[in-house]
Amino acid sequence: MSVTATATAQHLEREPPLEVKPDPDFPVNRGQMCIKGFTAGDLIDHPARLTTPLLRGRDGRLVPATWDAALDLVAERLIRIREAHGPAALAGFGSGGLTNEKAYLLGKFVRVALGSPNVDYNGRYCMSSAAAGQNRAFGIDRGLPFPVSDIGRTKVLVLWGANSAETMPPLMQWVHEQRAAGKLIVVDPRRTETARVAHHHLQLTPGSDLALANGLLHLAIDQRLVDLEYIARRTEGFEAVRRAVMEVHPAHVERLTGVSIDDQLRTVRQLATAPSGMLLSGRGPEQQSKGTDTVLAFTNLMLALGKVGLPASGYGCLTGQGNGQGGREHGQKADQLPGYRLIESPEDREAVARVWGIEAGALPGKGKSAYELLDALGPEGGIRALLVFGSNVAVASPDARNVRRKLARLELLVVADTFENETAADADAVFPITAWAEEEGTMTNLEGRVILRQRVRAAPPGVRSDVDVIRGLAERLGHGERFAFSSSESIFDELRRATAGARADYSGISYARIRREQGVFWPCPAPDHPGTPRLFEERFSFPDGKARMHVVRDRPAAELPDAEYPLYFTTGRYKEHYNSGAQTRRVAALAEARPEPRVQMHPWLAEALGAVSGGEALVESRRGAVTFTVEVTPDIRPDTLFAPFHWGGKSAANILTNPALDPQSRMPEFKVCAVRARIVRRAGDRAPGSAEAAGRIA
Amino acid sequence: MTVRKKRLVVVGNGMATCRLLDELLARDVLARYEIAVFGEEKGGAYNRVLLSRVLGGDDPDAITTKPPGWYAARGLTLFDGVTVRRIDTAAKVVETADGLRHRYDVAVLATGSQPQVPPLAGMTDAEGALRRGVFVYRTMVDCLEMRAHARPGDNAVVLGGGLLGLEAAKVLSDGGLHVTVIHAGKTLMNVQLDELGGEMLERQIESCGIFVRSGRTIEEVLTDGDAGAGAGSGAGARGGGIVGVRLDDGKTLAADLLVLACGVRPRLDVARASGLPINRGIIVNDTLATEVPGVYAIGECAEHGGRTYGIVAPAWEQATVLADVLTGANPQARYRGSKIYTRLKVAGFDVASMGRIEPELESDEVIQVVETRKGSYRKLVVRGRALVGATLVGNTAATSALVQILDRGDPLPEDPLEVLCPGAAGASARESQAERIVCQCHKVSTAHLRQAIMSGATSVEALSAVTRAGTGCGSCRTELTQLVVRHAPEAPRAAAVS
């Protein structure tokens with residue numbers, strides 16, 4: 001479940017408890033594992049696991065049902081809704097936690113069995129801006145165009161809005177290796193655990209990443225640090241970019257970003273003059289309504305410095321979810337078909353339709369993106385039935401209260417998951433799903449390395465795979481023969497054919513090869529092809545082989561602080577928890593370490609508000625209000641509040657966030673919105689009634 | 001329904017216009033307007049803030065933001081090298097000097113500023129033109145001519161120790177000229193700095209090899225015929241040129257080059273000829289409109305709320321508001337004035353100035369930190385808990401934090417000095433070091449680790465084995481090493497020897 005798709009050497013034993021250990025020889029994590037990994041075994045045998053399908057009874061309670069009864073009911077209602085309102089009234093929602101096989105199958109199921117264009121997944125909240133940016137700059141999107149071990153070898157590493165020490169701890173060994181011999185620069189509005197180990201921390205204003213990246217390019221040009229020979233040989237579009245960033249004066253950037261001219265200069269000098277340099281972005285700059293443009297500003301910078309494609313150099317994006325990379329390649333995205341094919345490209349449609357045995361004309365077109373899909377639930381939006389696989393959309397989406405309201409207006413909500421989560425609170429049917437250790441499947445990690453997760457345990461009785469849900473429904477919808485797979489490997493074999501010749505070409509990868517070779521890097525177009533650990537050494541994935549630079553002008557975030565809501569609010573993660581916390585909040589060791597979300601507040605702001613650590617603050621945005629326990633810390637900027645988003649209900653940080661979308665990637669703006677705060681309880685106050693009196697709403 | 005597109009005419013093609021065009025295009029302006037731009041200078045638009053690069057030898061293209069092809073590629077019409085004479089606001093026609101008449105629905109004046117040229121004796125020839133060797137520092141042509149004239153070893157006098165004058169002085173000095181700055185004010189950059197700040201700056205500038213004479217003016221410009229003291233013999237070869245200047249203290253300086261950098265004033269000839277309401281600049285309201293229907297003004301030529309601005313940031317803010325209003329993207333957008341932020345940063349000197357430089361009210365508090373040897377000066381003007389101004393010379397590390405506090409209107413911390421010392425902020429609020437968690441994975445505190453080290457775990461491996469610290473993500477291993485080094489009991493020396 002870790003983002004590095006840690007190859008865990010589990011021991012196949014019948015006896016609980018399951019012990020999870022890192023594999024000391026696997027080249028990605030080299031024997032290190034995240035605390036979530038160490039405790040992952042606890043989830044497998046957790047007493048709250050769902051072990052039987054549940055159906056909503058007349059009294060409104062979820063009651064146990066047999067698999068057949070649940071599948072019959074869901075299929076029957078899907079058919080009824082489709083007859084009344086057309087196929088586009090049905091939708092599927094997937095996850096970056098699904099295996100490649102499941103992601104592939106879900107996309108196929110929605111488009112072929114349901115006949116609807118509306119399938120998307122929570123990776124839209126995660127990787128979409130980096131994906132859109134990389135596609136436009138390089139003609140291809142793979143999180144890292146090099147193996148993670150290259151990170152350890154780069155002389156200057158910029159981690160931009162990426163808090164790996166807490167979100168992806170096993171990655172840090174490469175960072176520590178790197179910083180021992182080079183310079184580590186972290187760009188983040190917070191002094192995170194990652195920022196603490198950096199040589200330099202640029203603590204920028206939330207939402208000012210694009211201005212800073214453009215400003216660095218301005219300085220690179222001004223200081224004659226750009227590589228004109230590389231630019232001429234390997235890129236297109238520099239002249240227009242050069243003219244556009246000319247107006248991004250360092251003093252103006254200083255004012256917008258809070259990063260001093262000296263820090264700007266030092267950063268770009270170090271990056272440009274080192275023999276190797278790397279910029280890796282996380283969700284900070286990407287989860288913004290200008291996220292794609294910000295990624296393009298990064299690629300502009302690294303291309304202009306002549307770094308992309310050089311040894312231990314270039315731009316990359318740190319993938320968030322376990323199968324964040326593979327999850328976005330195989331067709332559970334509204335605009336894509338397997339192999340990173342585009343649903344609006346006639347050739348791509350033709351190629352996939354051939355494998356699926358249907359007419360290309362029968363394939364639906366582009367559907368709605370994640371937040372737009374959720375926002376369209378209910379009679380007004382037109383989506384009346386939603387099947388959710390492995391995603392807690394009620395907690396993980398921006399403007400979470402709106403999403404909860406919309407979920408409640410569905411005619412049919414189906415949730416397939418290992419635990420009953422907040423989304424299931426409104427479900428008509430819930431299917432109990434196997435956990436990671438209980439079934440086989442491939443994942444593609446952030447390096448583009450396809451790995452195989454082994455089955456090490458039998459699932460508890462009553463629990464089945466997402467594949468069984470999809471197959472069971474497809475049979476009942478009259479498409480059984482297209483989903484009659486006997487194993488995960490048989491699904492993968494069809495996936496290989498569907499991706500043959502595509503950008504993310506898996507056709508040369510087999511389960512046998514993955515086992516033998518410790519994973520295979522795509523693209524891998526033939527069984528005798530070695531795979532592609534490093535992209536861009538020779539050429540980029542456009543027909544002329546050149547990368548593209550794009551003019552990207554800074555613009556304000558969709559919502560900025562003003563007199564009414566004077567503070568920035570930004571969200572992120574705790575090390576102990578993952579995404580909506582649906583799983584990690586159930587692990588005792590993790591819940592004890594971080595039992596509740598706390599809002600970080602700078603001492604200056606705390607003093608102005610009269611806040612102390614341990615007290616409670618009511619934080620309000622235009623969309624809702626949340627009461628948080630306060631943590632006073634100089635690690636946050638004085639103009640910004642931070643809270644993690646792992647909790648649901650009244651503690652959901654996403655009640656506050658703004659669903660403004662990036663026009664290209666449709667990524668919501670999780671990282672910037674405007675809030676105000678006031679203290680509703682000081683630490684040690686005995687009467688919690690004051691909090692109630694202050695309107696503790698959620 | 002097709003609606004005739006309106007005609008938008010922009011007079012002037014400087015930095016305000018550039019930003020206006022970018023902001024208009026970002027708001028899909030071409031669906032509503034046809035746009036024509038009149039620029040007096042030949043060619044496209046350039047970034048005036050970066051003119052010193054051209055003076056320093058860069059190709060003009062290096063600072064050209066919008067070459068003529070940029071306009072054509074976007075369907076805009078550029079009339080470059082065309083001077084607008086007046087606007088006939090009744091007929092809604094722009095009239096150019098060469099007799100062209102161009103109809104408009106909306107006219108935007110962005111005519112910028114022109115240099116103030118003091119009437120110095122001997123500065124001009126019989127026809128009233130500046131003598132050879134005398135330059136203003138405003139346009140691309142000025143810079144190219146100055147560059148062609150200046151040679152290493154020449155003597156240059158810069159009149160005016162403000163932002164532009166000092167920038168020009170630095171470039172000329174870097175080019176191998178002997179440079180003297182003559183400044184009428186008591187101290188340099190007296191618009192942005194108080195006297196102490198100006199003195200600190202003067203020290204920095206002189207240490208760069210530039211000479212400064214403050215509180216002085218030029219009485220007379222000496223030309224070949226005047227045979228001023230110290231004039232080089234080679235000067236005779238350049239008839240009609242200057243050879244020196246005589247100051248108001250009677251001293252004479254040899255000069256092959258005189259740069260007039262005495263500030264700018266709004267350029268109002270077109271507005272005046274068009275009968276627009278003028279005070280110091282063209283008077284506009286919060287929508288950047290003049291009282292004449294269909295006529296707007298932005299940039300250095302505009303006067304808003306009784307103020308004109310000679311820096312670029314306000315012009316950009318105005319351009320954004322005007323684009324919102326004219327395209328209807330945000331018809332309620334309003335310009336409420338700008339806070340002044342000036343930054344001069346070149347190798348050798350470093351200045352930031354924002355808001356007020358001196359207290360205004362009796363209750364205003366002034367905080368000054370002077371480091372005499374380092375040549376650093378930091379000053380805050382504080383009203384209650386609010387920052388109303390700051391100047392920094394030499395040490396500008398706190399500038400970015402200060403300008404954001406000023407812009408946002410955030411209260412200063414109880415002890416405003418904390419703002420000047422980034423990093424020290426809130427140290428008191430930090431968890432005590434002993435309780436601080438070092439290994440986040442296994443929640444191991446500094447105190448626990450120290451105890452383990454004292455008890456014999458004197459290597460990182462041993463420490464990890466005892467406490468589990470560092471066995472998770474490993475991100476604390478560096479810190480563990482430091483703790484071991486700091487706290488491991490030293491091996492008894494005698495024992496080691498024997």
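**Where chain A meets chain B**

Between chain A and chain B there are 11 salt bridges (a side-chain nitrogen of Lys or Arg within 4 Å of a carboxyl oxygen of Asp or Glu). This is a predicted model: local features need pLDDT of at least 70, side-chain atom pairs count only at pLDDT 80 or more, and totals for chains, interfaces and linings use all residues. Residues are numbered from 1 along each chain as its sequence is written, chains are lettered from A in the order in which they are written, and side-chain values use heavy atoms, without hydrogens or water.

One salt bridge joins B:Arg19 to A:Glu247, with the closest N and O atoms 3.4 Å apart. On the side of chain A that touches chain B, helix 12 (residues 250-257) gives the largest share, six residues. Helices here are DSSP runs of H or I with at least four residues, and strands are runs of E with at least two.

The contact (heavy atoms within 4.5 Å) takes 53 residues from chain A and 54 residues from chain B. About 4,200 Å² is buried between the chains, 47% of it from carbon and sulfur atoms. Buried area is the accessible area (1.4 Å probe) that two parts lose on being put together, summed over both. In chain A, A:Glu247, A:Arg255 and A:Trp604 lose the most area to chain B, together 21% of what that side buries.

Now turn to chain B. Its open sheet has five strands in the order 5-2-1-9-21, with parallel pairing; strands pair if DSSP finds at least two bridges between them. Strand 5 (77-80) and strand 21 (295-297) are the edges. Four bridges join strand 1 (residues 6-11) to strand 9 (residues 106-109), and B:Val10 stands opposite B:Val108.
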